[in-house]
Amino acid sequence: MNRVDQRRIQLYPTGATEKSTGARKGSRKGPVVYWMSRDQRVEDNWALVHALDLARTKKRPCMVLFCLVDWFKGATLRQYRFMIDGLLAVEGKLRNLHVPLVVVEGDPGEVIPASIEELDAASLVMDFSPLKIKRDWNQDIIERSNIPFHEVDAHNIVPCWLASKKQEYSARFFRPKLFKLLPEFLTPFPQLVPQDFGDNVNVEIKHSISLSSLEVPRLIDRDVKPVTWLEAGASHGDRCLENFLENRIENYVALRNDPTKQVESDLSPYLHFGHISAQRVALEVRASGARVDARNGFIEQLVVRRELSDNFCYYNRDYDSPRCFPNWAKTTLKAHESDAREYIYSLEEFERGNTHDPLWNAAQLEMVQRGKMHNYMRMYWAKKILEWTETPKQAMDFAMKLNDKYELDGRDPNGYVGIAWSIGGVHDRAWKERPVLGKVRFMSYNGAKRKFDVEGYIKQVSDLT
Ligand code: FAD
Ligand code: FO1
């Protein structure tokens, strides 16, 4: 039985030889393992559906393996707390399906192959991420294992590798390709039924850790406190979606660029950690009674912009460096690199929100306090970092560092592309030339004043503290 569209699955021939891993060749007696990473949920998860189908076909149990990575790209207590709370909900839901969840700790490139051997696993299923960190883990695992390896895009509605075979220049060119395939992939999810298998298969792993008694990884930065306004996990993500559809989607298009109106969905932390599926969100939005223009405006962001970010990171490994900027932006930024900057700030001054600009400082404070800066302000925030640093490279490094340290939804393709859009014109066009930014789109304090009540936003943020 195969309920997952095969175009959503990439099979990898594992290159390991018996001597390289000492692994046993031939038929393996163990479970089908789903190594859960990006899509940390039970419902609406194509990778889990595929692992369950594969297990049923092989008449083996399916189990889920999660590898806790000690120091994940600058993540802090804020992100790990949110993630682990979400995983505790996953553990309970998997128990109802008689699917064991085992948590291990360390570098997945080492721990996953070792776990596969210990379990004598029959196959390995994993979810998809275009980020380098995940693709490097995959490569290590493929080289050190010799079992079938199935990568399932459970994050995008249209599988990333199918939506386009190349890096897309802008949303204008990507949108029609995506929308052409959407009807085939924006489908309902199958119901999951509990699996039944004898307890004659080993699903224990020697060095596994228990989630409930889990102290978040020792190494991480504990100064960035967990958020309290949002609770982690699929059920809270569902409620957040319901609330958005009931109270905010109607005004989304009209007011989404006004940070004092708060019409955003607040779904990004749930989408980033995979607590909720974008496909589920799109199905609910489409079924909602919201006006067509509001629905379409939201889908443009949730589907086109978000899947365009995965496309960019998948086809361009330089997504976290100015090397990924389009040529026109590289040329113009180079031409203006020695322009005098009106202000120059250090990373510490930016981090403390200590600039001359009260609007910029408020945006920084919102991110530090709330763990989620409003989208309009993220553009303004990043563009000002470009204006107030020595080079675009330094600007990008500062923006990524602060974004990934404080944003709950950080360390995400949307973040790298959002920063590259703001600082390097990725997916954007050239604008009127000016000092420092050159032809990269400019955003100003006065422009913001024309759009919304800047004083009101600054007050709203200062009330957070
Ligand atoms: P909504 O407006 O309700 O959008 C719903 C969903 O659509 C979002 O969750 C997201 O998945 C998608 N979406 C919305 N806007 C964008 C966009 N511009 N690009 C791609 N997808 C989008 N998003 C992150 O998820 N993580 C980040 O670290 C991040 N950093 C950013 C940094 C900069 C400099 C910029 C300009 C944008 C960044 N974004 C990031 C994109 C966007 O700002 C956030 O996705 C959005 O603010 C999340 O809040 P929301 O879910 O309430 O948004
Ligand atoms: N994924 C994991 O598999 N293990 C982790 O320990 C882990 C920590 C983590 C911390 C912050 C964060 O924003 C994401 C984190 N992720 C973790 C999820 C991450 O998105 C996925 O690993 C992706 O597959 C990487 O692109």
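The following legends describe close-up views of a predicted model, with attention to the interface of domain 2 and domain 3.

**View 1. Domains of the protein.** The domain assignment divides the protein into domain 1 (6-155), domain 2 (234-315) and domain 3 (322-462). Between the C-alpha centres of domain 2 and domain 3 the distance is 23 Å.

**View 2. Contact between domain 2 and domain 3.** On the side of domain 2, 19 residues are in contact with 25 residues of domain 3. About 2000 Å² of area is buried between domain 2 and domain 3, and carbon and sulfur atoms account for 58% of this area. Of the area that domain 2 buries against domain 3, 29% comes from P259, H272 and F312, more than from any other three residues.

**View 3. Salt bridges and polar contacts across the interface.** Three salt bridges are found across the interface of domain 2 and domain 3. The side chains of D266 and R370 form a salt bridge, with an N to O distance of 3.6 Å. Nine residue pairs are in polar contact between domain 2 and domain 3, counting pairs with both residues at pLDDT 80 or more.

**View 4. The side of domain 2 that touches domain 3.** Helices α10 (268-272) and α12 (292-315) each contribute at least two residues to the side of domain 2 that touches domain 3. The greatest contribution to this side of domain 2 is that of α12, with seven residues. By residue class, the side of domain 2 that touches domain 3 comprises six nonpolar, six polar and seven charged residues.

Terms used
Residues are numbered from 1 along each chain as its sequence is written. Chains are lettered from A and ligands numbered from 1 in the order in which they are written. This is a predicted model: local features need pLDDT of at least 70, side-chain atom pairs count only at pLDDT 80 or more; totals for chains, interfaces and linings use all residues. Side-chain values use heavy atoms; hydrogens and water are left out. Domain bounds come from an automatic or database domain assignment. Contact means heavy atoms within 4.5 Å. Buried area is the accessible area (1.4 Å probe) that two parts lose on being put together, summed over both. A salt bridge is a side-chain nitrogen of Lys or Arg within 4 Å of a carboxyl oxygen of Asp or Glu. A polar contact is a pair of N or O atoms within 3.5 Å; within protein, one must be able to donate a hydrogen and the other to accept it, and residues adjacent in sequence count only if both atoms are side-chain atoms. Helices (H or I, at least four residues) and strands (E, at least two) are DSSP runs, numbered from the N terminus. Ala, Val, Leu, Ile, Met, Phe, Trp, Tyr, Cys and Pro count as nonpolar, Asp, Glu, Lys and Arg as charged, and the others, Gly among them, as polar.
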